[in-house]
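Hi,

Here is the structure I promised to pass on.

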Amino acid sequence: DLRMSRGLGDVYKRQVYNETNDNYDLYSLNINNIDKVDLINKGLVTGEVYNNNGKLWVSDKNNLYDYEDNSIQFPKKILNYFYLDKLFQIDINNEGDLELTITNITTKNTENTFDKIVDVRAENNKIYIYTLDEMTELN
């Protein structure tokens with residue numbers, strides 16, 4: 001079962017579900033040499049793979065972490081997206097509404113939090129956040 005594919009330049013990373021072990025194996029495929037597929041990690045807990053500015057991120061049940069430096073990590077939320085140098089995470093707040101948290105990956109500081117999220121769009125290096133009350137544009 002192929003779960004996710006993320007391009008990192010000419011290299012694609014793919015997670016494949018290992019039914020026997022109930023976990024995921026991570027493979028690397030260079031599009032310039034498609035006859036060679038490399039198994040680069042076995043036994044990952046989840047099938048989530050992320051690409052952030054050419055860096056591979058994976059997750060366990062609780063955290064997202066930089067594949068090459070697992071000391072760089074963030075708590076995982078229901079939905080997690082990377083865009084530019086930001087981590088966008090959507091979760092359910094105490095009132096039952098969707099909440100968006102935007103974290104700077106470099107500084108690890110929370111830059112913005114929005115409640116009552118309806119939609120988030122990223123276009124041309126700008127972020128558009130739609131809530132029940134307003135639309136906010138971030139550069």
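Strands themselves are DSSP runs of E with at least two residues, helices are runs of H or I with at least four, and both are numbered from the N terminus. Please keep in mind that this is a predicted model, where local features need pLDDT of at least 70, side-chain atom pairs count only at pLDDT 80 or more, and totals for chains, interfaces and linings use all residues. Residues are numbered from 1 along each chain as its sequence is written, and side-chain values use heavy atoms, with hydrogens and water left out.

**Overall picture**

The protein has zero helices and 15 strands. Its C-alpha trace spans about 50 × 30 × 25 Å along the principal axes. Of the 139 residues, 35% are buried (buried is under 20% relative accessible area, exposed is over 50%, and partly exposed is in between, with a 1.4 Å probe and protein chains only).

**The last two strands**

Strand 14 (residues 126-131) pairs with strand 15 in the antiparallel sense, over four bridges. The hairpin that joins them passes through three residues, and isoleucine 127 has leucine 138 as its bridge partner in strand 15. In a regular strand, side chains alternate between the two faces of the sheet.

**Strands 9 and 10**

These two strands run antiparallel and are joined by five bridges. On strand 9, Asn80 and Phe82 make up the covered face, while Leu79, Tyr81 and Tyr83 are on the uncovered one. Phenylalanine 82 has leucine 87 as its bridge partner in strand 10. Their hairpin has two residues between the strands, and leucine 84 takes a positive phi near 55° there. For context, most residues other than glycine have a negative phi. Leucine 84 counts as partly exposed, at 38% relative accessibility.

**Aromatic rings**

What counts as a pair here? Rings of Phe, Tyr and Trp (its six-membered ring) pair if their centres lie within 6.5 Å; planes under 30 degrees apart are stacked, over 60 edge-to-face, and the rest tilted. There are four aromatic pairs by this rule. In one of them, the ring centres of tryptophan 57 and phenylalanine 82 are 4.9 Å apart with planes at 40°, so the pair is tilted. Tryptophan 57 sits in strand 6 (residues 55-59) and phenylalanine 82 in strand 9 (residues 79-83), so this pair links distant parts of the chain, 25 residues apart. Tryptophan 57 is buried at 2% relative accessible area, and phenylalanine 82 is buried at 14%. Tyr50, Trp57, Phe74 and Phe82 form one aromatic cluster.

**Salt bridges and a polar contact**

A salt bridge here is a side-chain nitrogen of Lys or Arg within 4 Å of a carboxyl oxygen of Asp or Glu. The whole structure has seven salt bridges. Which parts does the one between glutamate 48 and lysine 76 tie together? Their side chains meet at 3.2 Å, N to O. Glutamate 48 lies in the loop between strand 4 (37-44) and strand 5 (49-52), and lysine 76 in the loop between strand 8 (73-75) and strand 9, so the pair ties together parts 28 residues apart in sequence.

Another salt bridge joins aspartate 85 to lysine 86, with the closest N and O atoms 2.9 Å apart. Shared partners join Asp85, Lys86 and Glu111 into one network. Lysine 86 is buried at 18% relative accessible area, whereas aspartate 85 is partly exposed at 30%.

Finally, the side chain of asparagine 93 makes a polar contact with that of aspartate 115 at 3.3 Å (a polar contact is a pair of N or O atoms within 3.5 Å; within protein, one must be able to donate a hydrogen and the other to accept it, and residues adjacent in sequence count only if both atoms are side-chain atoms). Asparagine 93 is in the loop between strand 10 (86-92) and strand 11, and counts as buried at 11% relative accessibility.

Cheers

Conventions. Pairing = 2+ DSSP bridges.
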